[in-house]
Each structure stands twice: as C-alpha cells, then as structure tokens.
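Please read the following account alongside the sequence and the model. It moves from the whole chain to single elements and then to two residues.

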Amino acid sequence: MRLTIDTHMHTIASGHAYNTIDEMTRSAADKGFTHIAITEHTPKMPGSCAEMYFHNLQSLRHEKMGVYRLFGAELNIMDFKGSVDLPERVYKELDITIASFHTPCIKSGTREQNTAALISVIKNPWINIVGHPDDGRYPVDMEAVVKAAKENNTLLELNNASLKPAGPRPGTWENDRKMLELCKRYKAHITISSDAHIEEDIGNFQYALQLIEEMDFPESLIAGTDYDKLVGFLNIGKSGNNE
Ligand SMILES: [Zn+2]
Ligand SMILES: [Zn+2]
C-alpha cells in the first residue's frame with residue numbers, strides 16, 4: 001500500500017507551525033505526494049487564523065508544483081452539542097473540514113458528554129473528519145462513535161502525531177486499536193494523516209502504518225489510498241460545492 005494523500009497539516013498561519021503553504025507544497029511534491037490538505041486551526045485556538053482567513057482561501061489555486069492542495073480547517077469543538085468556532089456558511093465552502101477536541105478550547109466532560117459532542121459533529125453534513133478521536137484526555141464510547149461515523153459517511157482519523165512516543169495525548173495506541181477493530185467490524189472508513197506542523201513531517205505515517213499492519217486493517221477502508229474514494233467524504237465532493 002502506498003499513500004500519496006495527507007489529509008491534515010498546518011502552516012505558519014496556525015501560529016504554532018513553522019512553514020508556509022508553498023514550502024509544504026514543495027516538500028509534498030519532493031516526497032511524491034499527489035494531494036495534501038492544509039487544515040489550519042480555527043479562531044478559538046490561541047494565535048491562529050481569524051474567520052477572514054478561511055473566507056479568502058478561495059483565492060488560492062488548488063494545483064501547484066504537481067500537488068493538488070485541498071484548503072480546509074481543523075475546527076475546534078466548543079461544547080458537548082458539537083458547536084464549532086466558525087459559522088457554517090464559512091466552513092461549508094471549504095474543501096475539507098476536520099473537527100477535534102483541543103485543550104485550549106474545551107475541557108473534557110463525562111464519557112457520555114464527549115461522545116455526544118463527537119456524534120453531533122459526525123452528523124453535521126459539512127464536517128468530514130473527526131480529528132484524533134484517540135485522545136485519552138477525552139474518553140468516548142468508541143463503538144457509538146464508529147457506528148455514527150459509518151451511518152453518516154464521516155471519516156475517523158488515524159493521526160500519526162497522536163502515536164508519537166513524546167505526544168501529549170495519553171492512551172492513543174490502545175484507543176486506536178479499539179477504533180480500528182470497530183471500524184473493521186462496522187466497515188467504517190478512516191483517513192491516515194500526519195498532522196504535520198513542519199514540512200519534514202508531511203506524509204510521516206510511521207506509527208499509523210505500524211498499527212494498520214498490526215491490526216491487519218483492510219486497505220479498502222482507508223479513504224486516502226485513492227483520491228476518487230476520499231473525495232466522496234469531503235465537502236469538495238458534495239454536489240454544488242466548490243464548482
Ligand atoms: Zn488537532
Ligand atoms: Zn492539527
């Protein structure tokens with residue numbers, strides 16, 4: 001299996017990442033990537049982009065240096081109803097949207113509350129991916145999350161950065177094993193991402209692929225093996241959007 005799509009990364013615009021969009025594109029091109037997604041943090045993340053930044057992404061062209069760039073956002077989940085920190089009219093126009101729990105934006109609730117937040121996000125037709133649902137600081141009922149993701153055509157993310165030994169999220173290996181097992185059982189799709197904050201990290205799927213192999217996870221359920229398959233999950237692939 002060769003993955004040439006990376007669905008999650010940040011640039012200097014996010015405030016705590018260190019390369020420009022063009023530097024990320026060049027690095028992706030050098031590594032043979034065909035598609036990348038630039039998914040900056042949304043306004044409630046300290047130091048990140050204002051709403052206007054996301055409006056104006058339409059001024060960028062998709063294709064550059066032989067790489068197709070998807071322009072999107074990593075939305076912050078703000079409450080247990082699954083509210084996020086951009087207006088729907090803004091994020092529905094983006095090519096790709098991820099929604100995630102981040103500690104500067106929401107403190108964990110009970111397992112039931114965290115699960116309700118993720119299910120609400122999953123049911124939102126303009127949110128495409130649940131970012132790092134493996135974060136042990138936000139315990140969830142993984143079976144309920146996976147079933148909802150399957151029913152609503154939403155991707156669950158296998159985030160390589162979550163699995164790094166020095167990463168801040170506890171319990172990720174165990175939580176991802178559980179998630180992958182349930183995705184196999186319910187035939188729910190995942191996406192593998194680097195969540196790169198520097199260009200060297202683009203396409204770094206080292207730990208994610210280790211788990212895929214360990215779990216004997218089927219390639220057919222990995223959306224990023226084929227852009228035609230992936231696009232069916234994204235806003236850019238929804239009819240009438242981004243024409
Ligand atoms: Zn994140
Ligand atoms: Zn991220």
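The paragraphs below start with conventions and overall dimensions.

This is a predicted model, in which local features need pLDDT of at least 70 and side-chain atom pairs count only at pLDDT 80 or more, while totals for chains, interfaces and linings use all residues. Residues are numbered from 1 along each chain as its sequence is written, chains are lettered from A and ligands numbered from 1 in the order in which they are written, and side-chain values use heavy atoms, with hydrogens and water left out.

The chain has eight helices and eight strands; these are DSSP runs numbered from the N terminus, with H or I over at least four residues for helices and E over at least two for strands. Its radius of gyration is 16 Å, close to the 18 Å of the globule rule for 243 residues, so the chain is as compact as a globular protein of that length. That radius is taken over C-alpha atoms, and the rule is 2.2 Å times the number of residues to the power 0.38. Along the principal axes, the C-alpha atoms fill a box of roughly 40 × 40 × 35 Å. Of the 243 residues, 55% count as buried, where buried means under 20% relative accessible area, exposed over 50%, and partly exposed in between (1.4 Å probe, protein chains only). Among contacts (heavy atoms within 4.5 Å) with a separation of 6 or more, 78% are between residues 24 or more positions apart.

Strand β2 (residues 35-41) has seven of its seven residues buried, so it is largely enclosed by the rest of the structure. Strand β1 (residues 5-6) is joined to β2 by two bridges and runs parallel with it; strands count as paired if DSSP finds at least two bridges between them. Here I5 stands opposite H35. Together with helix α1 (residues 21-30), β1 and β2 make a right-handed β-α-β unit, meaning that, with the strands pointing away from the viewer, the path from the first strand over the helix to the second runs clockwise. β2 also pairs with strand β4 (residues 67-76), in the parallel sense and over seven bridges, with L70 in β4 as the bridge partner of A37.

At 3% relative accessibility, H41 counts as buried. Leaving aside residues up to four places away in sequence, the residues that H41 touches include H10, H16, C49, E74, H102 and H197.

Which residues of α6 are buried? They are T172, N175, D176, M179, L180, L182 and C183. These cover an arc of only 165° around the axis, which puts them on the same side of α6; the arc is that of the directions from the helix axis to the C-beta atoms. They pack against α5 (142-152), β7 (155-159), β8 (190-193) and α7 (206-214). Just after α6, K187 takes a positive phi of about 60°.

In α7, the buried residues are Y207, A208, L211 and I212. Seen down the helix axis, they fall within an arc of 145°, so they line one face of α7. Their cover includes β7, α6 and β8.

S108 lies in the loop between β5 (96-100) and α4 (111-123). At 34% relative accessibility, S108 counts as partly exposed. S108 and R137 are 29 residues apart in sequence and 6.8 Å apart in space, C-alpha to C-alpha.
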